[in-house]
Amino acid sequence: MAKNSCRAIVPFENNDIDGEVSRSLRAVRPAHYLLNIQSFSTFYETDIENYETGDFEAGGYKWKLCLYPNGNKKRNVNDHISLYLVISDTKNLPHGWEVNIQFKFFVFDHIKDKYLTVQDGGGRVRRFHAIKTEWGFDQFLSLDTFKNVSNGYLCDDSCILGAEVFVIHYAGEGECLSLIKAPAGNIYTWKVHNFSALSKEELSSEEFKTGKGKWYDFFFVFLEFCCSQLKSIIYVASRNELRTLTLYPKGTASVEGESLSLFLSIADSATLPLNRKIYAKYKLRIRDQLNNKHKEREGENHISLLF
């Protein structure tokens, strides 16, 4: 049998990306499996319907390739090579198993010294399970294109195919985002008696909840009035956190002796999980009990517990 030459003047170009299949060229060899087929013409001309490779491992699972040199007749494929990825050893997988992957098939171009890469377009993910144990391409490559030596895929009647399989593992990590707008019971009133007689530098309210509330210390606002009643309206995106108000009658830090300082704090922070992110929108108000000209400050903040 005469051998085909693998030299040609005009190489085949195939860089098209349609909505379903992506084809491109790359220099790097496949990471997981190579199949070297010698005497392809003999393989093609026999009555062998398909060929299954040995198992290879990728992503913690066993796989194999299933090649139809004359096309998968069960799917009415003609004039094309059909190629599929099959998951192996499924009897040892747990009940209800499923595996999500992205995969690529390759054909070596001897002329360009690169691999034609064939994969699902748009980065599509394929799911393997007990009922669906193979995915691939009915029309992987046309036989006319493949057998034309000027395209470089068949050299001396031999070809090289390959595969890469990237398993998407769920790491079991995640988070939940929950926002509560104007939760029920969102008003807390703290009445401070005998304000002028206070001698303590710091005074804290009882723990209280808004909505479903617990929290961490995170923000302060200073107000320029002394009075006998404080009122806070707090909107909080959180759940099951206890809060307190902390009052500094003579101020704190740079405003000491000039202003009253008021902090919103989160109680029981030691019981909360690490890396919890919290967003709060709130309003702190000091009531003017005579003229109803209340003084208030609004705030909103994010906080993470990192220790």
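**Aromatic pairs, strand pairing and salt bridges**

Trp-63 is buried, its relative accessible area being 0%, in a model that is predicted. Since residues under 20% relative accessible area are counted as buried, the value of 0% places Trp-63 in that class. Across the structure, the count of aromatic pairs comes to 14. One of these joins Tyr-61 and Trp-63 in an edge-to-face arrangement, with 6.4 Å from centre to centre and 65 degrees between the planes. The rings of Phe-103 and Phe-105 form a pair that is tilted, because their planes stand at 55 degrees, and their centres are 5.1 Å apart; both of these phenylalanines are buried. Ring pairs also link Phe-40, Phe-43, Tyr-44, Tyr-51 and Phe-146 into a cluster. A contact of another kind involves Trp-135, over the face of which Lys-132 lies at 4.4 Å from the ring centre.

Strand β8, which spans residues 114–120, is mostly covered, with six of its seven residues buried. β8 pairs in the antiparallel sense with strand β1 (residues 21–26) over six bridges, and the antiparallel pairing of β8 with strand β7 (residues 98–109) likewise runs over six bridges. Thr-117 of β8 takes part in both pairings, being the bridge partner of Ser-24 and standing opposite Phe-106. The hairpin of β7 and β8 has four residues between the strands, and in this hairpin Asp-113 takes a positive phi near 60 degrees.

A search of the whole structure finds eight salt bridges. Among them is the salt bridge between Arg-75 and Asp-138, in which the closest N and O atoms are 2.8 Å apart. Because Arg-75 lies in the loop between β5 (61–68) and β6 (80–87) whereas Asp-138 belongs to strand β10 (residues 134–142), this pair ties together parts that are 63 residues apart in sequence. Asp-138 is partly exposed, with a relative accessible area of 22%.

Glu-98 and Arg-127 also meet through their side chains in a salt bridge, at 3.2 Å from N to O. This pair links distant parts of the chain, as Glu-98 is in strand β7 and Arg-127 in strand β9 (residues 126–129), 29 residues apart. Both partners are partly exposed, Glu-98 with a relative accessible area of 42% and Arg-127 at 39%. A further salt bridge is formed by Asp-120 and Arg-126, whose closest N and O atoms are 3.1 Å apart, and here both Asp-120 and Arg-126 are buried.

Note on methods
Residues numbered from 1 in each chain as written. Predicted model: local features only at pLDDT ≥ 70, side-chain atom pairs only at ≥ 80, totals over all residues. Heavy atoms only, no water. Buried < 20%, exposed > 50% of the residue type's maximum accessible area, 1.4 Å probe, protein only. Helix = DSSP H or I, 4+ residues; strand = E, 2+ residues; numbered from the N terminus. Pairing = 2+ DSSP bridges. Phe/Tyr/Trp six-rings, centres within 6.5 Å; stacked < 30°, edge-to-face > 60°. Lys NZ or Arg CZ within 6 Å of the ring centre and 35° of its normal. Salt bridge = Lys/Arg side-chain N within 4 Å of Asp/Glu carboxyl O.
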